[in-house]
Amino acid sequence: MPQNRIMLDVLKGKAHFPPPLWMMRQAGRYLPEYRETRRRAGSFLDLCYDPDLAVEVTLQPIERFGFDASILFSDILVVPHALGRDVRFEEGRGPLLTPITAPQILALEGKVFHVNLEPVYETVRRLRAKLPDETTLIGFCGAPWTVATYMIAGHGTPDQAPARLFAYREPVAFQRLLKVLAEHSAAYLIRQIEAGADVVQIFDSWSGVLDDETFDLFCVQPMAEIVGRVRAVYPDVPIIGFPKGAGSRYRTYRQKTGVTALGIDWTVPLIAAKELQRSGAVQGNLDPLRLVAGGKALSDGVEAILRALGDGPLIFNLGHGITPETPIAHVEAMVKQVRSATR
């Protein structure tokens, strides 16, 4: 891999100041150019599966802000879609699926999984060819637990109670679902790396609703399975795990899954983040609403993170995805503050 992608150095455990910078959901509805491309695409899934348009929206924030990393534009639910489940997105409602049943889980198979996802792999190939050489390309997928919650409930819920209840009542079927998702997600990431991704990130957006036992069973163990499968093929490609809401379990998560770096949400105290950083790179963790607010709230938040974590391996990011109402001027201010920071 090229030596001038500073994010890769940080992922190897090296400190770099100012730190590399990107944002989760950086290609999205806060950008007018994204909204125009999205309008032309028709449906959200059409946008995900059209390499021309997916490349276009992935590059938009790079062209505007010059971030150090670009993340593939797609969605975590392309995995169940590629497994044959219906997935649709409705304005104001988000993703909708037909809830999967225990017998349907046992019947899941992925004979045309990679055929269905070939447009995504083509997008990755084109991105690596078009991105500036110094820009790290991130591939991604959703973690099995988080993807399973949508497959079972059919939509997002406040605490994913439908999936938790299903797991308690149908433990054999639920473990089968996690296994199928882990196997296919690993294969999906391997193909993304093969197509040109430098790094992969695995999003477990709903890990924070689990108790200790289920956190290990539903979050940690499937993640360890994915990491092991990817490392068996690409041992040197960094893997970022983002178990949002894991709280005091971040350390155990890193130890048991073997991820290269931890994405940390904005609720993680900086003193705890500093302790986590002693074992490897951390990524985060500005509150996205500080970016919406701007002004002193934003500058204070950025400064606190740089002061606490800037002398170790840090990838500056938000503690979750950027929200649609975020003013572009605030993103520009954040980028300027991070890039101009001095020790």
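In which loop is P18 found? P18 is located in the loop that connects α1 (6-11) and α2 (32-41), where helices (H or I, at least four residues) and strands (E, at least two) are DSSP runs numbered from the N terminus. The model is predicted, so that local features need pLDDT of at least 70 and side-chain atom pairs count only at pLDDT 80 or more, while totals for chains, interfaces and linings use all residues. Residues are numbered from 1 along each chain as its sequence is written, and side-chain values use heavy atoms, with hydrogens and water left out.

P18 is joined to F17 by a cis peptide bond with omega of about -5°. The loop between α1 and α2 also holds R25, a non-glycine residue with a positive phi of about 60°. R25 counts as exposed at 52% relative accessibility (buried, under 20% relative accessible area; exposed, over 50%; partly exposed in between; 1.4 Å probe, protein chains only).

Q160, in the loop between α8 and α9, likewise is not a glycine and has a positive phi, near 50°. Q160 is buried, with a relative accessible area of 0%.

The axes of α8 (residues 144-153) and α9 (residues 161-169) come within 8 Å and cross at roughly 95°; axes are lines fitted to C-alpha atoms, for helices over the stretch in contact, with angles from 0 to 180 degrees between N-to-C directions. Helix α8 is therefore roughly perpendicular to α9 (65 to 115 degrees). Contact (heavy atoms within 4.5 Å) involves W145, T149, I152 and A153 of α8 and P162, A163, R164 and F166 of α9.

A cis peptide bond also links G284 to N285, with omega near -15°; N285 is in strand β8 (residues 282-286).

Conventions:
Parallel < 35°, antiparallel > 145°, perpendicular 65-115°, else oblique.
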